[in-house]
Amino acid sequence: ALFGVNRSTVAAALNLLSASGLLEGNRGGGTVVRSGPLEPSTSAVKAPIWMNAADEGIHYPNLPVIQTINRMEAASGVIRLGTGELSPELLPHGSYNQLLAELSRCRRRLSYPEPQGCPQLREAIARHAAADGIRASAASVLVVSGSLQALHLISVGLLPRGAAILTEKPSYLYSIHAFQSAGMKLIGLPMDKEGLQTEKLADAAAAYSASLLYTNPTFHNPTGRTMSMERRMQLLEQARASGLSIIEDGAYNELWIDHEPPPALKSLDSEGRVLYTGTLSKSFSPGLRIGWVIGPEPVIGRLADIKMQMDYGSSMLSQETAALWLSSGRHEAHLVHIRSRLRERRDHLLELLHRFFLDIAEWDKPSGGFYIWIKLTVTVPLRALFEAALAEGILLNPGDLYDRNDRQHLRLSYAYASAAEMNGAVPALSAIVRRLAKTERQES
Ligand code: PMP
């Protein structure tokens with residue numbers, strides 16, 4: 001064929017022709033398109049436009065592996081060894097009941113929210129941020145439905161289509177989707193143990209005419225790495241010199257395990273260069289869908305205006321619950337609790353990796369967050385590994401979800417699976433990797 005025609009385009013064309021009554025079956029001669037004027041047929045039924053929409057619209061379909069993960073995370077009996085959320089037993093269920101009872105007593109409003117979000121919540125978020133050295137007022141905070149929404153709002157509202165965005169390679173998978181769906185060009189920059197390699201940042205910005213950096217410097221998803229203080233200073237210096245703006249994703253900042261991480265980039269920024277995103281998903285409740293953006297007031301106002309057009313504000317039930325929780329003073333005590341539980345889980349997973357993966361993989365010890373990024377030192381096709389693990393009831397996040405060229409990493413998480421589940425899953429996974437590596441060696 002001279003032209004590459006997408007199969008679904010052909011199917012869509014046939015459906016349209018058929019719905020317009022222009023297809024004729026010709027016994028023994030296949031299907032032909034009837035000649036004649038394209039008059040609307042009174043008898044033919046036209047297919048609804050969305051029946052062929054799989055390849056349409058601004059959002060790329062998720063990769064099949066992501067779709068499987070999303071489906072299987074809801075299934076029972078699966079060991080979630082890659083999941084980016086806390087185990088339900090680490091969430092403060094008793095507090096949810098109290099907060100909801102409190103809400104019902106004080107008859108809080110369930111009217112439409114204000115554009116920037118409920119004022120009590122924005123004040124509580126500003127105080128919470130101040131504890132991390134970030135100077136913010138309620139006016140510089142926008143409440144969003146999970147911090148992922150912030151990335152979508154920024155993409156569609158503040159950036160020119162086709163803009164080049166620098167980011168860590170690998171990077172959080174839905175941030176990649178958010179930027180790419182909005183038509184942005186993503187440029188992945190290398191990382192090492194100290195996080196993003198910042199020394200060539202200005203060069204990369206110039207080479208790709210990039211005006212924005214999206215970074216997740218603390219307990220990075222998926223590598224678990226944290227950018228050193230020296231790199232943070234270098235990053236800001238280079239950003240100033242090359243006119244780069246920065247989105248700092250602070251999703252895991254408060255989940256340190258060994259020692260507090262270096263200060264947020266936002267806390268070192270006095271020029272409004274950094275837009276900071278935060279969330280309650282990783283500590284309090286992923287299902288509440290409460291996140292925030294902190295930035296210069298006019299920018300926050302612009303994002304709020306777009307958010308009103310998109311969803312008329314985040315759920316007031318969620319906002320009021322979050323406001324009560326953050327103002328109650330219980331968040332800090334809860335963090336102390338989950339930090340120590342995460343430390344136990346991390347150490348347990350590291351010990352199991354040491355016993356079962358020492359000769360077939362390498363990894364670093366993360367000092368916070370949820371993830372261990374393991375690099376397999378034997379050759380195993382990641383797709384086959386994902387499927388073989390799933391067949392044994394183990395759900396994994398392969399590295400190519402975070403960097404499409406990756407062939408050797410797995411993102412493991414110690415946040416969700418219990419110690420008993422890890423005890424079963426890690427040796428089983430080790431056996432699968434060895435089996436697949438052997439097959440691979442025999443075939444090559
Ligand atoms: N940023 C990062 C780095 C994440 O890992 C996640 C969740 N996996 C998010 C943002 C989105 O979180 P949410 O929308 O639940 O706030």
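How many bridges join β13 to β14? The count is 2, and the two strands run antiparallel. This is a predicted model: local features need pLDDT of at least 70, side-chain atom pairs count only at pLDDT 80 or more, and totals for chains, interfaces and linings use all residues. Residues are numbered from 1 along each chain as its sequence is written.

**Overall make-up**

- The protein chain has 13 helices and 17 strands. Helices (H or I, at least four residues) and strands (E, at least two) are DSSP runs, numbered from the N terminus.
- Of the 444 residues in the protein chain, 41% are buried. Buried means that 20 or more other C-beta atoms lie within 10 Å of the residue's own; exposed means 12 or fewer, partly exposed is in between, and C-beta atoms are placed from the backbone.
- Among contacts in the protein chain with a separation of 6 or more, 75% link residues 24 or more positions apart. Two residues are in contact if their C-beta atoms, placed from the backbone, lie within 7 Å.

**The seven-stranded sheet**

- An open sheet of 7 strands has the order β4-β12-β11-β10-β9-β5-β6, with mixed pairing. Two strands pair if DSSP finds at least two bridges between them.
- β4 and β6 (185–189) stand at the edges with a single partner strand each, so one side of each has no neighbour in the sheet.
- From one strand to the next, the twist averages 20 degrees.
- Strand β4 (residues 141–144) pairs with strand β12 (residues 291–294) in the antiparallel sense, over 4 bridges. V144 has G291 of β12 as its bridge partner.
- On its other listed pairing, β12 is joined by 4 bridges to strand β11 (residues 274–279), again antiparallel. T279 also has G291 as its bridge partner in β12.
- β4 is covered on both faces: V141 and V143 are buried on one side, L142 and V144 on the other.
- Helix α4 (residues 119–130) lies across β4 and β12, at about 110 degrees to β4. Axes are lines fitted to C-alpha atoms, for helices over the stretch in contact, and angles run from 0 to 180 degrees between N-to-C directions.

**The four-stranded sheet**

- A sheet of 4 strands is open too, in the order β13-β14-β17-β16, with antiparallel pairing.
- Its edge strands, β13 (361–362) and β16 (397–398), each pair on one side only.
- E362 has K375 as its bridge partner in β14.
- β14 and β17 are joined by 5 bridges and run antiparallel.
- β16 meets strand β17 (residues 409–413) through 2 bridges, antiparallel. There, P398 has L410 as its partner.
- Strand β14 (residues 371–376) is mostly covered, with 5 of its 6 residues buried.

**Nonpolar cores**

- The largest nonpolar core has 60 residues, and V141, L142, V143, W292, V293, I294 and A322 have the most contacts inside it. Such a core is a set of buried Ala, Val, Leu, Ile, Met, Phe, Trp, Tyr and Cys residues joined through C-beta atoms within 7 Å.
- α10 gives the most to this core, with 6 residues.
- Apart from this core lies another, of 45 residues, including I338, L382, F386 and A417.
- V293 touches L142, V144, A150, L275, Y276, T277, I300 and L303, leaving out residues up to four places away in sequence.

**Ligand surroundings**

- The ligand has 13 residues around it; G146, S147, L148, T279 and S281 come nearest. A residue is near a molecule or strand if its C-beta atom, placed from the backbone, lies within 6 Å of it.
- The shell holds 4 nonpolar, 8 polar and 1 charged residues. Ala, Val, Leu, Ile, Met, Phe, Trp, Tyr, Cys and Pro count as nonpolar, Asp, Glu, Lys and Arg as charged, and the others, Gly among them, as polar.

**Backbone points to check by eye**

- The K169 to P170 peptide bond is cis, with omega near 5 degrees. P170 is in the loop between β5 (164–168) and α6 (173–181).
- The N221 to P222 peptide bond is cis as well, with omega near 15 degrees. P222 is in the loop between β9 (212–215) and α8 (229–242).
- Y312 is not a glycine, yet has a positive phi of about 60 degrees. Y312 lies in the loop between α9 (297–311) and α10 (316–327). Y312 counts as exposed because 10 other C-beta atoms lie within 10 Å.
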